[in-house]
Amino acid sequence: MSTQPGNARYNWGAVGLHWAVAVLVICTFPLGLYMVGLSLSPLKLKLYSYHKWIGVSVFLLMWLRIGWRILRPPPPLPASMPRWERTVAGAAHGLLYLLLIAAPLSGWLFSSAEGFQTVYLGIIPLPDLLDKDKILADFLRFIHMMLTFTLGGVILLHAGAALKHYFLDRDQVLSRMIPWLKRGDST
Ligand code: HEM
């Protein structure tokens, strides 16, 4: 591994947690969109459960990720990146962390207010965070939709920026998070 500032890769824990969360969000977002359109059926109820379990997994993994990040801070960004881009990248990463906690939490709050307890993986009943309240549930459904759609937008920008670094800037930014990827040729 290079010791040049900005060339160091993320450690295995950070890489594993990043891709685990990415895969789970990529699964549960379209699942959420699909399941709401179904008419009431055993399939719909099953998909709601899967959606909630995946979402709760994201929520739990994010706390693990925050703890890991505190213990093992990420490597600095490449020196070749202009200052404005580092600032934008830092703000986008902060927003992603915030949304990846707030979006699943809003789903959990919404389910509680709807009066549907979440039973994680079908075996661990999670506490209802709110009492049943129809008006609050409708508001929280809207909040959940807003947060998850904002999350989707920020993820697209984040992925687009990573691809721009790989294909246009040809720097090390993407390969820091994909250990088997060939590094870019500029520093
Ligand atoms: C990162 C995690 C999550 C993402 C990306 C996500 C995404 C979504 C999306 C895109 C929808 C469809 C919104 C719409 O079109 O109305 C949805 C609906 C829903 N989500 Fe999530 N969600 C997440 C976590 C959770 C969690 C943790 C729970 C509950 C414990 C949950 C409960 C629900 C419920 C019950 C609905 C159906 C809303 C309705 O019936 O109108 N979600 N979610």
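Student: How do the residues of the shell around the ligand divide into nonpolar, polar and charged?
Tutor: The shell holds 11 nonpolar, 9 polar and 2 charged residues. Here Ala, Val, Leu, Ile, Met, Phe, Trp, Tyr, Cys and Pro count as nonpolar, Asp, Glu, Lys and Arg as charged, and the others, including Gly, as polar. The model is predicted: local features need pLDDT of at least 70 and side-chain atom pairs pLDDT 80 or more, while totals for chains, interfaces and linings use all residues. Residues are numbered from 1 along each chain as its sequence is written, and side-chain values use heavy atoms, without hydrogens and water.

Student: Which residues are the closest to the ligand?
Tutor: Tyr48, His51, Arg141, His144 and Thr148 are the closest of the 22 residues that surround the ligand (a heavy atom within 4 Å).

Student: How far are the polar side-chain atoms of tyrosine 48 and arginine 141 from oxygen atoms of the ligand?
Tutor: For tyrosine 48 the distance is 2.7 Å, and for arginine 141 it is 2.9 Å.

Student: Which protein donors does the iron atom of the ligand have?
Tutor: They are NE2 of His51 and NE2 of His144, 2.0 to 2.1 Å from the iron atom (donors are N, O and S atoms within 2.8 Å of the metal, or 3.2 Å for Na, K and Ca). Histidine 51 belongs to helix H2 and histidine 144 to helix H4, so the pair ties together parts 93 residues apart in sequence.

Student: What is the geometry of the iron site?
Tutor: The site is octahedral, with 6 donor atoms and angles of 88 to 179° (opposite donors over 155 degrees apart, all others between 65 and 115).

Student: And the chain, in what order do its elements run?
Tutor: From the N terminus the order is α-α-α-β-β-α, with 4 helices and 2 strands (DSSP runs of at least four and at least two residues).

Methods. A polar contact is a pair of N or O atoms within 3.5 Å; within protein, one must be able to donate a hydrogen and the other to accept it, and residues adjacent in sequence count only if both atoms are side-chain atoms. Four donors count as tetrahedral if all angles lie between 85 and 135 degrees; four count as square planar and six as octahedral if opposite donors are over 155 degrees apart and all others between 65 and 115; anything else is irregular.
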